[in-house]
Amino acid sequence: MADSIQASDRKFLVTGGMGCLGAWTLYHLHQRGEQAVSFDLSDNRARLRLLLPEAEQDDITFIQGDLTDTAQVRKVVEDHGISHIIHLAALQVPFCRDNPPLGAHVNVTGTINIFEAARHAGITHLSYASSIAVYGPPSDYPQRLIPHDAPKLPRTLYGVYKVANEGSAAIYWRDHSISSTALRPYTVYGVGRDQGITSEPTKALAAVSRGEPCHISFGGTMQFHWASDVAQQFITAALQPSGEAVSFNLGSSPVTVRQFTELVKTLRPEAEISCGEQGLPFPEGFEADALHAHADEVFETPLAEGIKATLEHFERLST
């Protein structure tokens, strides 16, 4: 289903714009010539500066605001004439574990505030970030690759909050005809990815670019998603009304962390990079057939190409 709003009339709200995926999303919107409004509690543009020179950031509107403030979220959407929403803001697993009420307030109430703002502004579709954390550990599933509609059996409050958001999205479609597309990334890597346990592969690439030895503390098998691809997938999802509330896993072939390090060594033979043996308590991968059947375009840069681009990007930043 094609987006009915003319490109010249589009204006995107990106929540969590100061995060890794938020920065990449703002970057790609800017590169496409789209109008963008960043909404984040933080005003630290450090991640965005890794992607976009400050002079070019003048084309983006930056608003420091609180996602849990219902009135403020509605006002931003209405005052800036927002036509499209990409909702990425959230507190991650450790923060939700350490402060469950705040985690619920930001991740669940904040998402409700986004849907409410869309409802009052007459926005009929949006995209937002869910997570593979909605699923349980491998022992919960008979399949090696988990289908997108497998039972949701989260083991963290963060995952529970994401399940709640997918449920809320279904209600907003049923009650208010606001369609939505949720995407569930796995291990995101790329410039700007600097928080969370699965940021270690990116931190390793940064160390390699500086000629420093590095170690990824875990091993096992997982799917890697280049942040650039994920950001573009969110933009595509925001531009393609789904006609309902849908949620999709992202694709790519599962690889071992050791294979990841070997690809790095192929590209940089001098690299001193190693990894652990114990895998993380997540399934090896998730099927993306449903996303491929639905999306107008799917972004899946081969891992070797994404690693190469990331190494070169870090090397440019260090010169």
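**Cavities, a pocket and salt bridges**

Guide: The lining of the largest cavity has four nonpolar, five polar and no charged residues (Ala, Val, Leu, Ile, Met, Phe, Trp, Tyr, Cys and Pro are nonpolar; Asp, Glu, Lys and Arg are charged; the others, Gly among them, are polar). This is a predicted model, in which local features need pLDDT of at least 70 and side-chain atom pairs need 80 or more, whereas totals for chains, interfaces and linings use all residues. Residues are numbered from 1 along each chain as its sequence is written, and side-chain values use heavy atoms, with hydrogens and water left out.

A cavity is a set of points on a 1 Å grid over the protein atoms alone where a 1.4 Å probe fits but cannot get out; a pocket is an open set with protein on both sides within 12 Å along at least five of seven lines, and lining residues have an atom within 4 Å of a point. Two cavities of 30 Å³ or more are present. The largest cavity holds about 50 Å³, a volume being the space filled by probe spheres set on points joined across faces, edges and corners. Its lining consists of T181, L183, Q233, T236, A237, Q240, L291, H294 and A295. Two or more of these residues come from each of β7, α8 and α10 (289-294), with helices (H or I, at least four residues) and strands (E, at least two) taken as DSSP runs numbered from the N terminus. Helix α8 contributes the most to the lining of the largest cavity, three residues.

The second largest cavity has a volume of about 40 Å³. Around the second largest cavity are H87, L88, A89, A90, N107, T111, Y128, A129, K162 and N165. At least two lining residues come from each of α5 (100-121), β5 (125-129) and α6. By class, five residues in the lining of the second largest cavity are nonpolar, four are polar and one is charged.

Among the open spaces, the second largest pocket contains about 280 Å³. It is lined by 19 residues, and those closest to its centre are F224, G251, S252, E300 and T301. Strand β11 (224-226) and helix α8 (227-239) each give at least two residues to the lining of the second largest pocket. Helix α8 also takes part in the lining of the largest cavity. The lining of the second largest pocket comprises 11 nonpolar, six polar and two charged residues.

Now the charged pairs. The model has 15 salt bridges (a side-chain nitrogen of Lys or Arg within 4 Å of a carboxyl oxygen of Asp or Glu). One of them joins E166 and R184, at 2.8 Å from N to O. This pair links distant parts of the chain, 18 residues apart: E166 is in helix α6 (residues 157-176) and R184 in strand β7 (residues 179-184). Both E166 and R184 are buried (under 20% relative accessible area with a 1.4 Å probe, protein chains only; exposed is over 50%, partly exposed in between). A network of salt bridges connects K152 with E166 and R184. Elsewhere, D98 and R97 form a salt bridge at 3.9 Å, N to O, and both of these residues are exposed. In the salt bridge between R174 and D175, the closest N and O atoms are 3.2 Å apart. R174 counts as exposed because its relative accessibility is 61%, while D175, at 45%, is partly exposed.
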